[in-house]
Amino acid sequence: MKPIELIQKIQEFEPHAKKRVLKRNALLLPKNNCDTHIYFVESGTIRMFVEDGDAEQNIRFGYRGDIVVFMDAFFSGNPTAYSMQALKKTTLTVLTKAALQRFLEQEPAHLRIWLAMLEDLVLQLLEREKDILTTTPRERYQRLLQRSPQLFQEISNRHIANYLRMSPETLSRLKKH
């Protein structure tokens, strides 16, 4: 099941989900806040990042059809170390953790769908971690292009280069070859 199908099922179960519209460059929530909501990206793009001294490191991107969550806060109930920022005008459907829990308790099939989505996310995170630690910039670029070609249509080269842990100039050279 795709995230959009899960969100539609949850909205049928919980029809009063809120909408939130973020202007370009607006923060969904700055770091050090505890946010256990689940956000479904209806339109626009959003980036999740962590501050590293004076720099920011992009961790993930979300665009139409994706679910974005401050996973550390969602699971622990503690403040998040991450921030999310709209890269262009972004419309989100906001669901509470309590609504998700009620939905998951309704039917065992719902829980299986949620667990499959979490497993997929963990595998993506592990793959990304391996890429960052063991591959060359060219290999990281090629793997990202293969995995997520739409990313290059939605996200600026500056943010993609940061995500790939390379300079924008290196990314530009790789794209030319």
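**Close-up views of a predicted model**

**View 1. Phe 61 and the residues around it.** Leaving aside residues up to four places away in sequence, Phe 61 touches Ile 46, Arg 47, Asp 66, Leu 87, Leu 151, Ile 155, His 159, Ile 160 and Tyr 163. Keep in mind that this is a predicted model. Phe 61 sits in strand 5. Is Phe 61 buried or exposed? With a relative accessibility of 10%, and the cut-off for buried being under 20%, Phe 61 counts as buried. Take one of its contacts, Leu 87: Phe 61 and Leu 87 are 26 residues apart along the sequence, yet their C-alpha atoms are 9.5 Å apart in space.

View 2. To trace the pairing yourself, look for Thr 45, whose bridge partner in strand 5 is Tyr 63. Then find Phe 49, which has Asn 58 as its bridge partner in strand 5. The hairpin has two residues between its strands. Gly 53 is the one to look at in this hairpin, as it takes a positive phi near 70°.

View 3. One spot to check is Val 50, which has Tyr 82 of strand 7 as its bridge partner.

**View 4. The largest pocket.** Phe 61 turns up again here, this time in a pocket lining. The largest pocket has a volume of about 1,000 Å³, and 34 residues line it. Nearest its centre are Arg 60, Phe 61, Ile 67, Leu 121 and Gln 124. Which element gives the largest share of the lining? That's helix 4, with nine residues. The elements that each supply at least two lining residues include strand 6 (67-69) and helix 2 (71-76).

View 5. The model has one cavity of 30 Å³ or more, and the largest cavity holds about 50 Å³ of space. Its lining is made up of Arg 128, Asp 131, Ile 132, Arg 140, Leu 144, Arg 147, Tyr 163 and Leu 164. Helix 4 (108-134) and helix 5 are the elements that give two or more residues to this lining.

View 6. Helix 8 covers residues 168-176, and Thr 170, Leu 171 and Leu 174 are buried in it. Seen down the helix axis, the buried residues of helix 8 fall within an arc of 100°, so they line one face. What do these buried residues pack against? They pack against helix 5 (137-147) and helix 7 (157-163). Look at the face turned away from the buried side of helix 8 and you'll find Glu 169 and Lys 176, which are exposed.

Technical notes
Residues are numbered from 1 along each chain as its sequence is written. This is a predicted model: local features need pLDDT of at least 70, side-chain atom pairs count only at pLDDT 80 or more; totals for chains, interfaces and linings use all residues. Side-chain values use heavy atoms; hydrogens and water are left out. Buried means under 20% relative accessible area, exposed over 50%, partly exposed in between (1.4 Å probe, protein chains only). Helices (H or I, at least four residues) and strands (E, at least two) are DSSP runs, numbered from the N terminus. The arc is that of the directions from the helix axis to the C-beta atoms. Contact means heavy atoms within 4.5 Å. Two strands pair if DSSP finds at least two bridges between them. On a 1 Å grid over the protein atoms alone, a cavity is a set of points where a 1.4 Å probe fits but cannot get out, and a pocket is an open set with protein on both sides within 12 Å along at least five of seven lines; lining residues have an atom within 4 Å of a point. Grid points are joined across faces, edges and corners, and a volume is the space filled by probe spheres set on the points.
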